[in-house]
Amino acid sequence: GGSTGVVTWRPERGQDGATYTICFHMQDECRTAAVVTRCIAVDVVKCQRCLVAGESLTSIAKEYQTDFLSLYTFNVAMQTPDSLPEGELINLGLRYRVRDQDSLYSLSQRFFLSASAIIAINPDLERDVLGQGEEMQEGDALCLLPPLCSVHCPHGDCVLHPSYHPD
């Protein structure tokens, strides 16, 4: 018979939106057979997070500079948002593809977010765009978490409610 094993890996914050190659090197215990190597590519989806013990929507909302209700809006299928099991996959916002002429400023205006809030949920921007002076490219994927519950649109003109504070 054969042997089986389970390998688990939970991507850390900032590893989302990238592809990782994970390789396994296998050999029998007595080393009578040649080493066999198998590699797989793992795409870490942007805008999702696998919860660790003790996390809640409230703690994650604070980490990403938003509020509980805005985060919950992207997770409406959740049965009990105040008691989430470890390993639960949650959505952090909406996935957005950068368009021609988009900038941090234009996105912050369109989605009622500060540039720091956009970077908080897209740490790769800080590394890529801010660190090296590169512009976002059309087609790049971003995660955006607008403060949906705090935006009011009287007469078609949307504004952020003055009392909104993400913490």
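Helix α4 contains Ala 120. The model described here is a predicted one. Ala 120 has a relative accessible area of 11% and is therefore buried, since the cut-off for that class is under 20%. Leaving aside neighbours within four places in sequence, Ala 120 is in contact with Arg 13, Tyr 64 and Gln 65.

A C-alpha distance can be given for Ala 120 and Thr 66: the two atoms are separated by 10.0 Å. Along the chain, Ala 120 and Thr 66 are 54 residues apart.

## Asn 122

Asn 122 sits in the loop between α4 (115-121) and α5 (123-132). The relative accessible area of Asn 122 is 0%, so this residue counts as buried. A polar atom of the Asn 122 side chain lies 2.6 Å from the backbone oxygen of Cys 143.

## Salt bridges

There are 5 salt bridges in the structure. One of them is formed by the side chains of Arg 13 and Glu 63, with an N to O distance of 3.0 Å. Arg 13 belongs to the segment before β1 (19-26) and Glu 63 to helix α1 (residues 57-63), so this pair ties together parts that are 50 residues apart in sequence. Both partners fall in the partly exposed class: Arg 13 has a relative accessible area of 39%, and Glu 63 has one of 32%.

Glu 63 forms a salt bridge with Arg 49 as well, where the closest N and O atoms are 3.2 Å apart. This pair links distant parts of the chain, with Glu 63 in helix α1 and Arg 49 in strand β3, 14 residues apart. Arg 49 has a relative accessibility of 15% and so counts as buried.

A salt bridge also joins the side chains of Glu 55 and Arg 49, at 2.2 Å from N to O. Glu 55 is buried, as is Arg 49. Through shared partners, the salt bridges join Arg 13, Arg 49, Glu 55 and Glu 63 into one network. Arg 13, a member of this network, is also one of the contacts of Ala 120.

## The largest pocket

The largest pocket holds about 380 Å³ of space. Its lining is made up of 19 residues. Those nearest the centre of the pocket are Pro 11, Val 44, Gln 48, Arg 49 and Cys 50.

Strand β3 (residues 48-50) gives the largest share of the lining, with 3 residues. Sorted by class, the lining residues of the largest pocket are 11 nonpolar, 6 charged and 2 polar.

Notes
Residues are numbered from 1 along each chain as its sequence is written. This is a predicted model: local features need pLDDT of at least 70, side-chain atom pairs count only at pLDDT 80 or more; totals for chains, interfaces and linings use all residues. Side-chain values use heavy atoms; hydrogens and water are left out. On a 1 Å grid over the protein atoms alone, a cavity is a set of points where a 1.4 Å probe fits but cannot get out, and a pocket is an open set with protein on both sides within 12 Å along at least five of seven lines; lining residues have an atom within 4 Å of a point. Grid points are joined across faces, edges and corners, and a volume is the space filled by probe spheres set on the points. Helices (H or I, at least four residues) and strands (E, at least two) are DSSP runs, numbered from the N terminus. Ala, Val, Leu, Ile, Met, Phe, Trp, Tyr, Cys and Pro count as nonpolar, Asp, Glu, Lys and Arg as charged, and the others, Gly among them, as polar. Buried means under 20% relative accessible area, exposed over 50%, partly exposed in between (1.4 Å probe, protein chains only). A polar contact is a pair of N or O atoms within 3.5 Å; within protein, one must be able to donate a hydrogen and the other to accept it, and residues adjacent in sequence count only if both atoms are side-chain atoms. A salt bridge is a side-chain nitrogen of Lys or Arg within 4 Å of a carboxyl oxygen of Asp or Glu. Contact means heavy atoms within 4.5 Å.
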